[in-house]
Every structure is written in C-alpha cells, then in structure tokens.
Amino acid sequence: MEYPFRIADNIRTGTPIMLVKISYNGIDGFGEASMPPRYGENLDTATSFIERLELTQFRSPLPIDPILSYIDNRQTGNPAVKAALDMALHDLWGKITGKSIHELYGLSNSKLHTAKTISIETPEIMARRVTEAKDFHYLKIKLGTTDDQAIIRAIRNVTDKPLYIDANQGWANKEEAAKLIDWLSTQGVIFVEQPMPKNNFDAMEWLKGRSALPIIGDEGIQRLKDIDNAELFYHGVNVKLMKSAGIREAYTMLTTARKKGLRTMIGCMSETSCATAAGAQLGSLAEFIDLDGNLGVTNDPFVAFPCINGEIQVDNSPGLGLKSPAWDTIEPYIEN
C-alpha cells in the first residue's frame with residue numbers, strides 16, 4: 001500500500017490476497033480474494049477451502065451457475081475465496097463467449113466516477129492527502145475518532161468537493177451520532193456509511209429515522225439475506241464482491257436493493273486491478289462508486305480499466321477486462 005490504511009477500529013500496512021487461475025481449453029480465467037484480517041479469512045483458510053473442492057466433476061466451466069452453487073454450498077463462510085473463484089469463472093465465461101461481464105448481464109459500460117478514500121490520520125495529514133486527490137470528483141473520508149469535526153474542518157480548508165463519510169461502526173452513542181450528522185449535513189456531505197455497530201439494531205433503526213443524511217450499510221450488509229430487512233436500518237447498501245462471494249450474488253443484491261427503493265453503492269477492499277475490474281462490471285447498477293482499492297497498490301500484477309480524472313473507463317473487453325496479467329511474477333501479498 002502507498003499509505004497505512006487506518007479506520008475507526010484498526011490499521012494495516014498490507015493486505016493478504018490470493019489470486020487464482022482457472023484454465024479451460026487454453027483460456028485462462030483470473031480471480032482474486034482480498035482478505036483484510038478483521039474479516040477472518042487468510043491464505044491458510046482460503047487454501048484449505050479450495051483443497052476441499054472437487055471441481056473435476058464439472059466437464060466444462062459453462063454454465064457457471066451450477067459450479068458456483070456447488071462452491072457456495074460446500075462450506076459456510078469464506079466469501080472472499082468464493083469471490084475469487086466466482087471471478088475466475090466469470091472471466092472464463094466472458095472470454096469463451098467474447099463478451100464482457102456487463103454485457104453478459106445486460107448492463108451498460110457507463111463511465112464510473114469513483115470516490116478516492118482518505119483513511120484516518122491527523123487532520124493535517126488527511127487534508128494533505130485530499131490535495132493529492134485533486135483529480136477525483138468525490139472523496140470518501142474515514143471518521144470514527146475524537147477529532148471528527150477537526151478532520152472535516154481541515155478538509156474544508158482545502159476543498160469544497162462533495163464528501164462521502166464512512167465511520168466504520170465508530171460512533172457508539174446514537175444521540176451524539178445524530179448531532180454529528182446534523183452538522184455534517186451542512187458540510188457538503190452526501191451520505192454517512194455504517195455510523196454505528198452493525199448489531200446495535202435498535203440504535204441503527206432510531207438513527208435511520210432521525211438522520212439528516214442518508215445512511216448506507218456496509219458492515220451490516222454482507223450477503224443477499226441482509227437485503228431482506230435493510231430498509232429498517234439503512235437508506236442504502238454498499239455491496240462488495242469480497243462480502244457477497246462474487247459477481248453473481250452482488251448482481252442479485254444490487255438489483256434487489258434497487259427494487260426495494262434502497263440507494264446502491266458498489267465498494268471494494270484493498271485489491272489489485274483484478275477484483276476492482278470485476279466490481280466495475282456492475283457499476284451501472286450503483287448510484288455511488290467506491291472502486292479505488294487498486295490505486296494505492298504498489299505491486300499490482302494486473303492492468304485493467306484506466307482511472308482518468310477519477311473516472312473508471314470501463315470498456316467491452318471480454319471477461320473481466322484484464323490486460324497483460326503477469327502471472328509468473330505475482331507476489332502473495334499486497335505490501336509497501
């Protein structure tokens with residue numbers, strides 16, 4: 001990573017990843033599992049999961065749905081490594097048929113204005129990083145500290161760009177959270193993401209009805225089942241492939257959320273261009289885009305869609321849209 005990544009409850013300087021390749025008739029499909037330690041997956045758990053699979057029972061990678069159902073039902077949990085396999089199978093599907101993933105799902109290749117994430121540091125350092133992100137139209141600011149207002153004031157001294165706020169469950173008191181959101185609503189903030197602990201349902205329900213800004217669920221929205229009652233606690237949902245076990249379920253989560261009148265966002269972890277490109281394939285289903293996870297990676301083995309002036313340039317390349325994967329040079333970790 002270019003900088004240490006600090007949020008309300010942890011900090012890391014690198015993220016373990018697993019990159020997978022599934023080959024069929026000389027065609028390679030690529031996928032990625034990004035596994036921040038706080039979510040409980042790691043290289044050992046991912047390897048163990050893959051070793052228990054019996055994919056030789058499938059004579060062809062198409063259709064992919066039976067294979068993905070088998071993978072998901074083989075063992076509970078493990079959404080990141082499931083996502084890696086899901087991406088690789090989607091990549092194969094697209095390359096075999098000569099179509100991009102968004103075309104296979106009947107979606108457009110809209111240009112995506114991604115936010116640039118600014119993780120927690122001192123107000124002065126965060127303001128400096130904001131100035132470095134001058135090409136981006138939207139900024140995602142991590143909060144959940146005792147200096148939250150000072151951080152926003154410092155940022156407002158250097159930019160008037162619209163802000164997405166992500167507290168990562170960092171606000172414990174619902175009344176204080178409501179007051180802070182009242183103030184943030186006067187500071188050019190568009191929404192607040194996961195302000196309170198995901199299991200504090202009573203407080204989240206109260207805050208949702210009281211909030212001066214839309215509340216987007218992240219940690220509280222993992223898989224499709226969490227969309228069922230999401231409207232009780234959130235105005236919108238942040239869908240990530242590493243939580244949803246891949247493209248297939250993320251597509252269903254986003255379309256279901258839209259039908260329920262929820263606002264939609266597609267996000268990412270710290271990822272290479274492989275997983276970021278996979279997320280971008282579903283970008284036209286999201287109102288808010290947060291797909292900058294590859295931009296701070298210093299050893300990205302893939303090249304995918306360029307991000308120009310904060311705009312991801314999605315094209316119709318087959319599969320995920322990856323260019324020149326340097327498979328033989330891939331390192332096992334994203335690190336400084």
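In helix 11, the residues Ser-273, Cys-274, Ala-275, Thr-276, Ala-277, Ala-278, Gly-279 and Ala-280 are buried. The model is a predicted one. Buried here stands for a relative accessible area under 20%.

Rolling a probe the size of a water molecule over the atoms shows where empty space is left. The count of cavities of 30 Å³ or more comes to one, and the largest cavity has a volume of about 30 Å³. Helix 9 (241-244) and helix 11 (273-280) are the elements that give two or more residues to the lining of this cavity. The lining consists of Met-87, Leu-241, Met-242, Gly-267, Cys-268, Glu-271, Ala-275, Gly-279 and Leu-291. Ala-275 and Gly-279, both in this lining, are among the buried residues of helix 11. By residue type, the lining of the largest cavity divides into six nonpolar, two polar and one charged.

A pocket, unlike a cavity, is an open set of points. The second largest pocket holds about 230 Å³ of space. It is lined by 14 residues, and those closest to its centre are Phe-201, Gly-220, Ile-221, Lys-225 and Asp-226. What types of residue make up the lining of the second largest pocket? Five are nonpolar, four are polar and five are charged.

Phe-201, one of the residues closest to the centre of that pocket, falls within helix 8, which covers residues 201-210. Helix 8 packs with helix 7, residues 174-184, at an angle of about 25°, and the axes of the two helices are 10 Å apart. Angles under 35 degrees count as roughly parallel. Helix 7 and helix 8 are therefore roughly parallel to each other. The crossing in which helix 7 passes helix 8 is right-handed.

The last stop is a loop residue. Where does Asp-300 lie? Asp-300 is in the loop between strand 13 (288-289) and strand 14 (307-308). Its relative accessibility is 24%, and Asp-300 therefore counts as partly exposed, a class that runs between the limits of 20% and 50%. From Asp-300 to Leu-43 the separation is 257 residues in sequence, and their C-alpha atoms are 18 Å apart in space.

Methods. Residues numbered from 1 in each chain as written. Predicted model: local features only at pLDDT ≥ 70, side-chain atom pairs only at ≥ 80, totals over all residues. Heavy atoms only, no water. 1 Å grid on protein atoms, 1.4 Å probe; cavity = no way out; pocket = protein on both sides within 12 Å on 5 of 7 lines; lining within 4 Å. Points joined across faces, edges and corners; volume = space filled by probe spheres on them. Helix = DSSP H or I, 4+ residues; strand = E, 2+ residues; numbered from the N terminus. Nonpolar A, V, L, I, M, F, W, Y, C, P; charged D, E, K, R; others polar. Buried < 20%, exposed > 50% of the residue type's maximum accessible area, 1.4 Å probe, protein only. Axes fitted to C-alpha atoms, helices over the stretch in contact; angles between N-to-C directions. Parallel < 35°, antiparallel > 145°, perpendicular 65-115°, else oblique. Left-handed = near helix turned anticlockwise from the far one by under 90°.
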